[in-house]
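Please look over the structure below. The report that follows walks through its parts, starting inside one chain and ending where chains meet.

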Amino acid sequence: MTAEQKLTELGLLLPPAPKPGGVYQPVLIHGNLAYVSGHGPLLEDQTYITGRVGKDLDLDAAKDAARQTGLAILASLQLKFGSLDKVERLVKSFGMVNAEPDFSQHPQVINGYSELMREVFGAEKGVGSRSAVGMGSLPGNMAVEIEAVFEIVPD
Amino acid sequence: MTAEQKLTELGLLLPPAPKPGGVYQPVLIHGNLAYVSGHGPLLEDQTYITGRVGKDLDLDAAKDAARQTGLAILASLQLKFGSLDKVERLVKSFGMVNAEPDFSQHPQVINGYSELMREVFGAEKGVGSRSAVGMGSLPGNMAVEIEAVFEIVPD
Amino acid sequence: MTAEQKLTELGLLLPPAPKPGGVYQPVLIHGNLAYVSGHGPLLEDQTYITGRVGKDLDLDAAKDAARQTGLAILASLQLKFGSLDKVERLVKSFGMVNAEPDFSQHPQVINGYSELMREVFGAEKGVGSRSAVGMGSLPGNMAVEIEAVFEIVPD
C-alpha cells in the first residue's frame, strides 16, 4: 500500500500546507534528500496549537500537537511533490518541545509525530533517526516544532 | 553578479573569521556540502553581541545580531574557500535565539540572517530550508547562534 | 592505529548500547552517512547522568557527562556496524547542554565529547563541525544530549 493509499485508509485530514513565516523555503531538495523546515502544529483553521508543555498542555495534548505537526509536514511534502508517494523514507527528525524546565517526557511527546510517520510510510521506511528535546521558547508560543529530512524517489 | 561582486556592491564588511572556541572545525566539507558550525554575532573587534532577546535586546537589535551572525558565517566560508563564489546555494539553516521564555518572534529575528543570505546569493540560491527557535542559553550569552549547510561548486 | 585498537589502548569502557526510548532508530544509514539519534550520558548500569548544568553539575561534571555521551554514541555505532573501524570520519555534531539560563560555557562542556572523538578517530578524522548550545529541558533531565553524523567506509 502506498503512502497516499494509507492516508486515505486512515482517513487522515491534512491541514493546508503552511505558508512560510519568514525568508525560507518549507521544503528544499538537494540530491535525493528533501530538507523540511521547522513546522508547527497547524490546524485546519490555520491557527497553531500553542502553550507550554507541562503547564498549559499535558502529555496527551502535547503528543496530539506533535502528531498535528506531522500532518503539517505531510501537507508541505504533498504540496511540494504532488504526492507523498514521492517519499522514499524518513531519514532524520529533530523534535522540539516548548516545555517547562522540569518537563522530562519529550520522547513520549514526539512519539505523536513518529507514530504518524510509521503509520503512513510503514515500519521500514517511516522510522528514522531522531532527537527529542526541550526548547526555551518557540515562535508564536507553538507547543511543538519539528524539522526533518526525507529521502525522495529519484525522478 | 557573483556573490563576491554582490558583497562589494552592498559595501558589506565581514568581521574576521572566528577562531573555533572548542574542538571543532568551523567549516567541514563532505561531498558537495559544506557543514558550517554554530556561529555567533561576531563584531569587527572580535567581541560578540550578547544578551537575552526580549529583555536585553529588542526585536530590531536581535535582528541585527542575526545579520551579524550571517556576516561571520560568510567570513568563515570566505576563509575556507578563498571566495564566496565557491558557494552554489544555501541548503539549510538552524537559527537559534537566546530568548526569554515568553518571546515569540524568532522568525522575525532570524530573518536578519536570511535576508542577508538572499541579498548576497540571490533569491534563487540564497533561500533554503530553515528553523527558527528559542534556546535556554547560548555560549558566552551570545544573542543568536546559527548553523548552516551550503552546497558548494564542484572542483 | 585503527579506532578499535585505539579504544583498547585507551582502555575505554563502552556502556551497553542504549535501547531507543521512543519510535526511532539509534543509527540510520543514508548513502555513506550514518545519522546518529540524540544520545545521553548513559552509564554502565544503564542509568543516565542527570541534572541541570550550572546548578546540579559544575563544568567538570558536565564535561564528564558529555564524554560519557560520546561513549554511548560509540556503543551504538559499534552495535550497528560490528566495529568502529567502519567509521570514516566525524562530519557534524549538535551538542545540547541542559543548562541554567545564565550558564555560558557550553563549548567547554561539549569538548568532553569532542576530545573523546579526537582521541578515538584522530585529529584528522575525529574533529568535525559542531554547535554547542543550551536547552530549556532534556528527556529525563539528562545533563547532556548529542546527535551526530558520521561518514562511513563504503562496503
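## A strand pair and its sheet

In chain C, Gly95(C) stands opposite Ile146(C), a residue of β5(C). This is a predicted model. Strand β3 (residues 87–97) of chain C pairs with strand β5 (residues 144–152) of chain C. The pairing is antiparallel and runs over 9 bridges.

Helix α3 (residues 106–125) of chain C packs on the sheet. There α3 of chain C touches β3, β4 and β5 of chain C. The direction of the helix makes about 175° with that of β3(C).

What is the strand order of the sheet in chain C? The order is β1-β2-β5-β3-β4. The sheet is open, has 5 strands and shows mixed pairing. Two strands stand at the edges: β1 (27–30) and β4 (129–134) of chain C. Each has a single partner strand, so one side of each is left without a neighbour in the sheet. Neighbouring strands are turned by 15° against each other on average, with direction ignored.

## Chain A as a whole

Now to chain A. Chain A has 3 helices and 5 strands. From the N terminus on, its elements run α-β-β-α-β-α-β-β.

How does the radius of gyration of chain A fit a compact globule, and why? A compact globule of 155 residues would have a radius of gyration near 15 Å. Chain A has 15 Å, so the value agrees. The C-alpha atoms of chain A fill a box of roughly 45 × 35 × 30 Å, taken along the principal axes.

Buried residues make up 57% of the 155 residues in chain A. Contacts in chain A can also be sorted by distance along the sequence. Take those between residues at least 6 apart in sequence: 84% of them join residues at least 24 apart.

## How the copies are related

Chain B can be laid on chain A by a rotation of 120°, with 0.0 Å of shift along the axis. The RMSD is 0.0 Å. The two copies are therefore related as by a three-fold rotation axis.

Which residue of chain B comes closest to that axis? Gly136(B) does, with its C-alpha at 2.5 Å. The copies use different surfaces: 8% of the contact residues of chain B recur in chain A.

## Where the chains touch

| Side | Residues in the contact | Residues on the partner |
|---|---|---|
| Chain A, touching chain C | 25 residues from chain A | 22 residues from chain C |
| Chain B, touching chain A | 25 residues of chain B | 22 residues of chain A |

Consider the contact between chain A and chain C, which takes 25 residues from chain A. On that side, β3 (87–97), α3 (106–125) and β4 (129–134) of chain A each supply at least two residues. α3(A) gives the most, with 7 residues. By class, the side of chain A that touches chain C has 10 nonpolar, 9 polar and 6 charged residues.

Turn to the contact between chain B and chain A, which takes 25 residues of chain B. On the side of chain B, the elements that give two or more residues are β3 (87–97), α3 (106–125) and β4 (129–134) of chain B. α3(B) gives the most, with 7 residues. The side of chain B that touches chain A divides into 10 nonpolar, 9 polar and 6 charged residues.

Methods. Residues numbered from 1 in each chain as written. Chains lettered and ligands numbered in written order. Predicted model: local features only at pLDDT ≥ 70, side-chain atom pairs only at ≥ 80, totals over all residues. Contact = placed C-beta atoms within 7 Å. Helix = DSSP H or I, 4+ residues; strand = E, 2+ residues; numbered from the N terminus. Nonpolar A, V, L, I, M, F, W, Y, C, P; charged D, E, K, R; others polar. Pairing = 2+ DSSP bridges. Axes fitted to C-alpha atoms, helices over the stretch in contact; angles between N-to-C directions. Rg over C-alpha atoms; globule rule 2.2 N^0.38 Å. Buried ≥ 20, exposed ≤ 12 C-beta atoms within 10 Å, placed from the backbone. Least-squares fit on C-alpha atoms with pLDDT ≥ 70 in both.
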